[in-house]
Amino acid sequence: MQPTTEQKLWMYETMVVSRRYEEAIAAAYMEGKSPVFNMANGPVPGEMHLSNGQEPCAVGVCAHLNPEDSVTATHRPHHQAIAKGVNLKRMTSEIFGKANGLGGGRGGHMHLFDPDVNFTCSGIIGQGLGPAVGAALSQKMQNKPGIAVAYLGEGAANQGAFHESLNLAAVWKLPVVFVIEDNSWGISVSKKKSTAIERNYLRAAGYGMPGKFVPGNDPIEIFKAAGEAIAHARAGNGPTLLELETSRLAGHFIGDAEGYRPEGEKKALEANDPIPKFRQQLIDDSVASESEMGKIDASAQSRVDEAIAHARASDDPAPEDALSSIFA
Amino acid sequence: MSNVKERKLTIAKAMAESVAQYMRKDEKVFVMGEDIGVLGGVYGNTRGLIEEFGEERVRDTPISETAFIGAAVGAAQNGMRPIVELMFVDFFGVCFDQIYNNMAKNIYFSGGNVKVPMVLMTSTGGGYSDGAQHSQCVYGTFAHLPGMKVVAPSNAYDAKGLMNAAIRDDSPVVYMYHKGLQGMGWLGTERGATVDTPEEYYEVEIGKAAVVREGSDVTIVGLGMGVHHGLKAAEMLAEQGVSAEVVDLRSLVPLDRDTIRASVAKTGRLIVVDEDYQSFGVSGEVIASVVEHDISVLKAAPQRVAYPDVPIPFARIMEQFCLPNAEKIVAAYNGIAV
């Protein structure tokens, strides 16, 4: 299953939007946080987990999804949200804690909910797996065509929720795709130190479902593997476990000194940045010219600028809004 | 009234009837949990459902509470109305992340843009020597966290009406039923829980307490099994010439503080009966509702007949020593009667 030209360009553009977005968020996040770094200061307080480097995992999977398909995202959700089509302005307002944000400022960057595209998010490792199984069950019971994608990091494959949810999805043959973004780090603990098996896709065998490993952080290869897994789910054949090798180019969160990384690792990862690589590949394959790519880059930047400007110009919530929306 | 035919149901039957009737009219309602299908629920509350609705809508699950309660959250957010069972409330330890951090918080995180219409039903209570991991009530643990409604019926009429209201609610409702009120002979059943229950659809409003016996000298507030202890104590007090009012909370969240306050304003004395641990829980909250509002209505210090702060012991003689009962309520009254 090869992506069409349109899909290739959408994947590239979405990766660029995502990266420019993270850069803009990082800049806004650092406002008010120097010379003394205090997480509570500035227009974007709290923890901030950036997805730089992991964009191929978002676009290669979400290129196959429709609004009725569900995605449960992780604590590092921006690339996944952008690729799923979450409203970028309202998402940005939420990250800035504004009244017109997705949750009116109640959730923040780890708790982004956009029911228009069935996107949910949670901040605790492995927490979205059960809800993804439920979203898939709901679609199946209603005879609707939607499937569910549960994103998780490789660290979440060691959570009990992983075992329970994969077994449940398989025993009920539900249309779920479990997508591991393996960036090889659980904050500061390497996968080697935390995981008894070298490749997590092998664990699929324990649940009687197909498992597939995609090396290289390559959007086209991810697109192909995800396409198969999603077609398998849509055909009623049950879940799949995908393990995608990717790279975390930033720290676990902004402020992470990353002293745990082996020397040279970060430079090597940066030299293998998937975005310039994919850009060159598309030019070499004559999918688009240099000047067409330039236009895409500029349009991505302006989408991001608009979203950030929108959030900055938006009103704060009233403090007492904290006391509403506890119940539906 | 002798010509009116009574239709007495156990709580177990009332719950199953409510769920079945709702499932007939709303395809989005389904049930899942451990042993709720072929077995009909360990406590009888899903009996007959799988025969009528089949395995697709009445789903026996693997022993994977994190996955299937998480799945209920996901299904509820996706347009279904799941009813999910946690067999013993004591098992919350293996799945509280989904309950406390997803089920209860997603409406808030979304600013009300996401609905989570699900019922988490779970059994509570001891008295039959099942030890400290199968006998707890932990009402306070659930009522403490914002974002979940919490109900606890004391009789079949309320059980059906509260279940109907819970299924219809767009927010998550924790439905805590007491094993000793279910009408399952092997658990020993409180007879007062089996009452006349209409066949037609009705709701008992969540957040509304009931004055189940009127009186003027003391208010006894309880929920679940505690209501029956309170009613028995009221009978005993009547023999002493004391008029006790009994309030059945029925819901913990929202808590009907107005009904509690109005009753205590009338009687001037308050005894709270709670099978949950005494400290940091329901009994303290009920007392606070009164005293932070108007301490002058009290003629005596409020009293608690609650579970002592110990894990629930196995030996019958020790467990019975710890449990609330009517005699303890009468003694509490006599201690403040002057």
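Author: Of the 338 residues in chain B, 57% are buried, that is, with 20 or more other C-beta atoms within 10 Å of their own, the C-beta atoms being placed from the backbone. This is a predicted model, in which local features need pLDDT of at least 70, side-chain atom pairs count only at pLDDT 80 or more, and totals for chains, interfaces and linings use all residues. Residues are numbered from 1 along each chain as its sequence is written, and chains are lettered from A and ligands numbered from 1 in the order in which they are written.

Reader: How many helices and strands are in chain B?

Author: Chain B has 12 helices and 14 strands, taken as DSSP runs numbered from the N terminus: H or I of at least four residues for helices, E of at least two for strands.

Reader: OK, the sheet. What is the strand order in chain B?

Author: The order is β3-β2-β4-β5-β7-β6-β12 in an open sheet of seven strands with mixed pairing. Two strands pair if DSSP finds at least two bridges between them.

Reader: Which strands stand at the edges?

Author: β3 (58-60) and β12 (251-253) of chain B; each has a single partner strand, so one side of each is left without a neighbour in the sheet.

Reader: And β2 to β4 in chain B, how many bridges?

Author: Five, between residues 29-33 and residues 81-88, and the two strands run parallel. B:Phe30 is opposite B:Pro82 of β4(B).

Reader: Last one: what box do the C-alpha atoms of chain B fill?

Author: Roughly 60 × 50 × 40 Å, along the principal axes.

How values were computed:
A residue is buried if 20 or more other C-beta atoms lie within 10 Å of its own, exposed if 12 or fewer, and partly exposed in between; C-beta atoms are placed from the backbone.
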